[in-house]
Amino acid sequence: MAAPPSPWLQRVASFSRSPSRFLSRASADVFLAELLRGLRDERAAESTQVLLLSLLQEYPTLLCPFSSAGEETCTALMAIYAQVPHKAVNFKCHLMLAITNVFICTSSATGEGEVKVAERVLDLLIQTVQDTNDHKDSITCRPLRALACDCLREMEACYPGLLSQKLEALYFLKQQETSTLHQAYALLYTVALKNAVHLLSRQKAIAEGDLKNLLSGNEGFVWKVMEKPLPPFPLSSTEQIPVLQTSAETRELKSVVSLLLEESYLLTAVSQSALLRELIQVVVMVQALSPALFKSQLLRLFGTMEISLLHSTLLMKGTFTDSLFTTEDENFLLKRLVGMAQHPLLSSAHKLFCMDCILHFPENRPISCNGEESLPVLVTPRLAASLLPTVFNDSGTMLRRLRLLSLVYLEADEDEVEKGVGYLFDHLMALWKIVDNYGTREVTATFFRAAYTFLYYFYPNEKFTSDLTKSLCELYSRQSQLAPNMINLIDRTQENLPESGWPIRLLQALQTQIVELPLSQMTTQSLCWHLKVLGRVAKESQVSQKTTVRFLLNLLASSGLCGSGDWRMGNAVLAVCRHLLRHPGLDQVFIELSDLLQFTMHHYEDMDIQDHARFYYTLLTNLSREKLSGVLDKGPEGGQAKVRSLSSLMAESEELSSCLTIHPTRGPVLHLLKHQLNGVASELQNSRSEHSGVEDYLKTYRDQFLSPGFSSDIVLKFHLTFAGEVEALYHKLFCICLHFELTDSNYEEVTDIDVPCLLKDRKPPVVSLTLTPRQPYPMVLRASAIFSTEDGLSWRTQLADVPVAFPDVFLPLPVPVSWSLEARGRLFDQLWRAMSSRESSQSAISLFCFQVGEKPLSDIVQSHFHRYLVSAQSSQEHYKVLLFLPPKFHILFDIKNAEDAARVNIATDSWNLLPYINSYLKSITDLDSVTVPSPEA
């Protein structure tokens with residue numbers, strides 16, 4: 001096969017990068033038609049076709065936004081599927097997946113047409129899975145059967161109960177299948193069984209034999225579940241689980257469940273987990289079935305190291321509790337989890353999962369049922385001793401172990417608490433030593449997270465928290481760059497432990513340590529971090545700020561900071577001052593802070609810092625506490641003042657404010673009415689005698705497009721009028737600015753149009769809207785206008801959307817004026833030959849037929865195409881029409897009147913225009929004729 005064409009690779013890559021942007025340039029229906037055309041192309045490589053199908057698999061709702069589009073796409077894909085040879089198994093698999101995906105995502109199966117498509121899709125899948133043990137097709141088609149099972153399972157998951165009347169057939173297929181696909185058949189049957197029982201449990205009245213008939217059903221599909229889907233099965237214990245209200249014999253159902261459980265060991269771990277989850281729900285709904293059915297599986301499940309099976313075991317434990325698990329089973333399972341949480345052969349993620357299972361263990365007799373982390377009663381300090389954290393653990397494991405052991409010692413006896421908490425604190429100090437020796441960034445983050453975890457559980461213990469405060473201060477004295485970590489630890493502790501006083505004590509200790517440092521030992525970098533910490537200290541109302549203000553004043557007076565004019569450092573100092581201005585104890589530091597700000601605005605060698613200091617000084621000395629807070633306090637987004645802004649302190653004219661505001665109108669005030677061009681006669685009749693002397697008309701014509709911007713604009717004219725009867729206020733409008741917004745990317749941005757005035761008693765002005773197409777497709781413009789009224793106010797109004805129809809894009813042929821009618825006819829013929837030769841892959845030839853009604857064909861042509869005629873033989877009723885669509889596209893019509901119907905032969909250099917051409921011709925001929933369907937050539 002030929003290599004994949006590069007245009008498709010580029011277009012698929014462009015679509016995948018940004019589907020919404022791609023579809024704004026080309027409509028979804030056009031691009032979908034191109035995809036289907038590429039899939040039908042026998043010359044395309046299979047890899048290219050698979051690439052095209054991947055878009056339908058990943059973006060079905062974007063490419064098929066309506067159910068009708070999805071229905072047509074499914075039909076087209078199934079037609080392609082029927083023509084694909086049996087040996088192309090890979091391509092058929094991708095096709096089947098695309099068909100299922102498009103159907104599920106786009107179809108509601110409520111209409112008659114959608115139900116027929118759904119039946120065809122399901123019949124295709126059912127026929128595929130019925131070839132058990134590869135009797136009909138060879139083993140090479142086995143992947144297709146596996147995919148068909150998965151597709152049916154997905155259909156059943158999306159429409160629960162769809163296969164509820166085919167349980168006997170599915171069970172028979174499962175029993176027949178002896179290959180590795182037995183797993184896929186078993187899972188399909190189990191999902192269908194669970195949903196069928198769920199559907200039955202929601203019925204109000206259940207007859208004696210309903211359950212038995214359900215298991216032996218082999219009828220059609222239950223379409224009602226697609227019209228009103230079955231609600232999902234509740235997974236939370238707080239939700240009400242539907243129960244099958246029946247006293248009927250459940251021997252057949254019990255036999256089916258037991259057989260599925262006995263065969264479950266043949267399945268992979270993930271499939272076993274899925275099967276167990278479905279069967280657990282079946283047993284929960286049918287209370288006549290005993291949870292003891294799972295007893296035979298417990299020994300195998302207790303010994304597993306597979307996460308999926310372990311999760312199913314815990315789900316079983318949380319669902320059936322002591323009706324299936326004894327206290328010995330519970331104890332054994334906990335010991336198993338503790339052992340796996342430290343097993344050297346398991347990955348870190350596996351161990352973390354086991355520790356999470358311990359913290360969320362479903363006990364037989366839970367103390368609390370709030371769903372939060374809690375320690376099981378059977379987890380004692382002795383059992384959890386092997387999980388004590390060490391510095392050799394990775395970050396995640398260490399923190400999880402610390403959290404688990406903190407919960408253990410929080411509930412332990414007094415003797416064990418002192419010993420255990422002491423060990424945890426020693427571990428924290430071991431991390432501290434590593435950080436103090438300039439440990440890695442990960443170790444530093446782990447230490448602070450560990451410190452927070454320790455504080456969260458043991459903050460009432462004064463001995464350990466005091467030691468931690470001293471250690472943190474000592475660490476900060478040597479590594480001031482850890483200031484952000486310190487501040488974050490303080491913030492999170494205050495946020496989650498508001499009753500703890502430890503953050504205040506740490507801030508006081510850091511403040512004391514910083515203000516007592518000799519200035520000679522401070523570097524520029526460390527001073528920056530010190531100011532950040534002091535700024536955080538200044539936020540606390542319980543901390544005195546006198547030492548902070550004195551330190552700052554001494555810093556500016558005794559160091560060379562003012563002379564350096566460092567804007568960054570000056571801004572850091574002012575940030576502390578800003579927090580001090582908002583401090584409740586401002587009166588205690590009023591004089592010192594005034595001196596500090598005054599010194600800054602007179603001595604700091606940076607104009608911006610001086611201005612800010614002068615501003616703060618003015619606020620401090622002139623505003624009350626309430627106004628000062630109103631100016632400085634910020635909203636939650638850090639933006640505008642939430643109480644009173646600076647502008648509200650000044651006198652403001654309401655009249656001036658109103659004039660500076662653009663007011664919205666209550667309703668539309670303006671309207672754009674399309675200007676009808678009348679009396680435009682054909683100019684071709686007057687130029688017949690001229691001759692251009694050109695032989696190769698096509699080359700001469702195409703050379704014109706080498707000039708940038710040649711004939712690339714469309715000018716539409718509108719009357720700007722009032723939108724019906726408007727208020728007297730709007731009878732005289734001035735300085736009108738019309739603004740247009742595009743709804744797609746097929747056109748360049750539209751410039752605003754300025755209109756001097758619009759008066760009620762005068763003729764409406766004509767405005768010219770200039771459009772520059774990238775692709776000549778119809779579209780809609782959103783329009784709005786801003787204008788002024790006599791009273792000087794400015795208004796904004798929304799106009800009705802401005803449609804740009806397909807005929808609006810038509811222009812007469814842009815040829816030199818000297819070209820005669822004969823020259824234009826020759827150009828028409830040369831263009832037709834070029835498009836018919838398929839020299840471009842974008843060219844297309846098509847045919848449109850219609851019956852001529854009472855109105856003659858000549859009148860129809862003259863009514864709609866008189867500006868574009870290049871040849872008119874009225875006696876033979878033969879016309880040639882050439883339409884130019886900027887920037888460089890053409891549509892050629894060769895119109896003839898035959899005995900049975902009028903024929904319009906169509907040629908275009910952009911096959912994407914064919915749907916619009918067909919719609920346009922149908923619209924103009926439906927007025928006076930009856931359209932005769934004709935296949936495209």
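**Reasons behind the labels in a predicted model**

Colleague: Why does Ser910 count as buried?

Modeller: Its relative accessibility is 4%. Buried means under 20% relative accessible area, exposed over 50% and partly exposed in between (1.4 Å probe, protein chains only), so Ser910 at 4% is buried. This is a predicted model: local features need pLDDT of at least 70, side-chain atom pairs count only at pLDDT 80 or more, and totals for chains, interfaces and linings use all residues. Residues are numbered from 1 along each chain as its sequence is written, and side-chain values use heavy atoms, without hydrogens and water.

Colleague: Where is Ser910, and which residues is it in contact with, leaving aside neighbours within four places in sequence?

Modeller: Ser910 lies in the loop between β14 (902–908) and α38 (914–925); helices (H or I, at least four residues) and strands (E, at least two) are DSSP runs numbered from the N terminus. With those neighbours left out, Ser910 contacts Gln842 and Phe889, where contact means heavy atoms within 4.5 Å. Phe889 is 21 residues away in sequence, yet the C-alpha atoms are 6.8 Å apart.

Colleague: What makes Thr132 buried?

Modeller: Thr132 has a relative accessible area of 4%, so it is buried. This residue is in the loop between α8 (112–129) and α9 (142–158). Beyond four places in sequence, its contacts are Arg145, Leu173, Gln176, Glu177 and Tyr185.

Colleague: What joins the side chains of Thr132 and Gln176?

Modeller: A polar contact of 3.3 Å. The term needs a pair of N or O atoms within 3.5 Å; within protein, one must be able to donate a hydrogen and the other to accept it, and residues adjacent in sequence count only if both atoms are side-chain atoms. The value of 3.3 Å is within 3.5 Å.

Colleague: How do you know that β11 and β12 pair?

Modeller: Two strands pair if DSSP finds at least two bridges between them. Here 4 bridges join β11 (869–873) to β12 (878–885), so they pair, and they run antiparallel. Leu869 stands opposite Val881 in β12. The hairpin has 4 residues between the strands, and Glu877 takes a positive phi near 50 degrees there.

Colleague: Why is Val391 called partly exposed?

Modeller: Val391 has 34% relative accessibility, which is why it counts as partly exposed. It sits in the loop between α20 (381–384) and α21 (395–410).

Colleague: How many helices and strands are there, and what share of the residues is buried?

Modeller: The protein has 38 helices and 15 strands. Buried residues make up 49% of its 937 residues.
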